[in-house]
Amino acid sequence: MIKQAVVSFICGVVFTLGLTIAGMTQPAKIVGFLDIFGNWDFTLVFVMASAVGVYFISFQSIIKRNKPLVAPKFLIPTRTDLDFRSIFGGILFGLGWGISGLCPGPILSSLGKGTTPIIVVMLFMLIGMFISSRIDQLSNK
Amino acid sequence: MDTIIGNNIIFNAIIGGTLIGLASFCLMLFNGRIAGIAGIVKGALRPEKGNFMWRVTFIMGMILSGVLLERLYPQLYRMEIDRSIWAYAVAGLLIGIGTGLANGCTSGHGVCGVGRLSNRSVTITMSFTLSGIIVVWVINTLLGGRI
């Protein structure tokens, strides 16, 4: 438990460091990436390509292992179906991503700024997640 | 200066992306967990025994290092897009509900899911990128760049 918590903390620190170096904590860069018909900023393409590339290559070593180093088992999603709910959720998320230039990672990284916009976006994101949890509960009944 | 290492933006993008990939890999290698930020936060909202502390420390690690980096490099944390507080509120709600329904965001689906070559994640990543492109087009073209 303690080991997992320590590993998580370090991963969180490195994750923010990566986002910051990559320039992804600047909403203007995200909006610039989505602005393909205007003044397109392709920085995010290189960020995603290197992150996905590193994960893809290193994931091959995960497949060969029986269990993680400090936890009982790997929890890897097994779903392959495509449902309306997920795609609809993706579309809603994309709208929020484009309006604010923020997604959950950079929201956490930028929270320390403590400015009104970031506090508001964080607060409403938590409300949104709470609502989706309620939808989960209702649809499971 | 908009970069930390040297002054090439693309080089910094690749180093930053590599660190994101490595942090995500380590969370899987050590803890067996997908590094999906939306999922980690959403799970922390409904604490379960034995499945809570790692979420909190991950979130704390992200926030605290952000506090430090923002002090050192404030220019990398500028929010210079023209948005009202209402736009941020609506955006936050859409991000929360959307990632909740889709079971993931840019990290969980975009990095980890696509990195595992999951068709599901590839499709969801395309759906949020497409709707993001459309809403930015609407804001920049029809609304004059502000909302």
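**Figure 1. A:Ser8 in helix H1 of chain A.** A:Ser8 is located in helix H1 of chain A, where helices are DSSP runs of H or I with at least four residues, strands are runs of E with at least two, and both are numbered from the N terminus. The residue is buried, as 27 other C-beta atoms lie within 10 Å. A residue is termed buried if 20 or more other C-beta atoms lie within 10 Å of its own, exposed if 12 or fewer, and partly exposed in between, with C-beta atoms placed from the backbone. Apart from neighbours within four places in sequence, A:Ser8 is in contact with B:Leu27, B:Asn31, B:Trp54, B:Thr57, B:Phe58 and B:Gly61; two residues are in contact if their C-beta atoms, placed from the backbone, lie within 7 Å. The structure is a predicted model, in which local features need pLDDT of at least 70, side-chain atom pairs count only at pLDDT 80 or more, and totals for chains, interfaces and linings use all residues. Residues are numbered from 1 along each chain as its sequence is written, while chains are lettered from A and ligands numbered from 1 in the order in which they are written.

**Figure 2. The contact between chain A and chain B.** Chain A contributes 100 residues to this contact, and chain B contributes 100 residues. On the side of chain A that touches chain B, two or more residues each come from helix H1 (2–21), helix H2 (27–34), helix H3 (43–63), helix H4 (84–100), helix H5 (104–110) and helix H6 (116–140) of chain A. H1(A) supplies the largest share of that side, 17 residues. By class, the side of chain A that touches chain B comprises 64 nonpolar, 31 polar and five charged residues. Here Ala, Val, Leu, Ile, Met, Phe, Trp, Tyr, Cys and Pro count as nonpolar, Asp, Glu, Lys and Arg as charged, and the others, Gly among them, as polar. For the complex, the predictor gives an ipTM of 0.95 and a pTM of 0.95.

**Figure 3. The largest nonpolar core and A:Ile107.** Such a core is a set of buried Ala, Val, Leu, Ile, Met, Phe, Trp, Tyr and Cys residues joined through C-beta atoms within 7 Å. The largest one holds 82 residues, of which A:Ile107, A:Val121 and B:Leu94 touch the most other members. Helix H1 (residues 9–31) of chain B provides the largest share of this core, eleven residues. Neighbours within four places in sequence aside, A:Ile107 is in contact with A:Leu102, A:Ile118, A:Val121, A:Met122 and A:Met125.

**Figure 4. The two domains of chain A.** The domain assignment divides chain A into domain 1 (1–76) and domain 2 (79–141), with bounds that come from an automatic or database domain assignment. The C-alpha centres of domain 1 of chain A and domain 2 of chain A are 18 Å apart. Their contact takes eleven residues from domain 1 of chain A and nine residues from domain 2 of chain A. On the side of domain 1 of chain A that touches domain 2 of chain A, H1 and H2 of chain A are the elements that give two or more residues. H2(A) gives the most to that side, with five residues. The residues on this side of domain 1 of chain A are eight nonpolar, three polar and no charged.

**Figure 5. Helix H6 of chain B and its packing.** Chain B has six helices and zero strands, and buried residues make up 59% of its 147 residues. Helix H6 (residues 119–142) of chain B has 24 residues and reaches 34 Å from its first C-alpha to its last, close to the 34 Å expected at 1.5 Å a residue; the expected span is 1.5 Å times one less than the number of residues. The buried residues of H6(B) include B:Ile124, B:Phe128, B:Gly132, B:Val135 and B:Ile139. The buried residues of this helix pack against H2 and H4 of chain A together with helix H4 (85–102) and helix H5 (106–115) of chain B. B:Gly144, with a positive phi near 70 degrees, follows H6(B).

**Figure 6. Positive phi at B:Asn103 and B:Leu117.** Most residues other than glycine have a negative phi. B:Asn103, in the loop between H4 and H5 of chain B, has a positive phi near 55 degrees. B:Asn103 counts as buried because it has 25 C-beta neighbours inside 10 Å. B:Leu117, in the loop between H5 and H6 of chain B, has a positive phi near 60 degrees. B:Leu117 is exposed, with 11 other C-beta atoms within 10 Å. Chain B averages a pLDDT of 95, and 99% of the residues score at least 70; pLDDT is the predictor's confidence in each residue, from 0 to 100.
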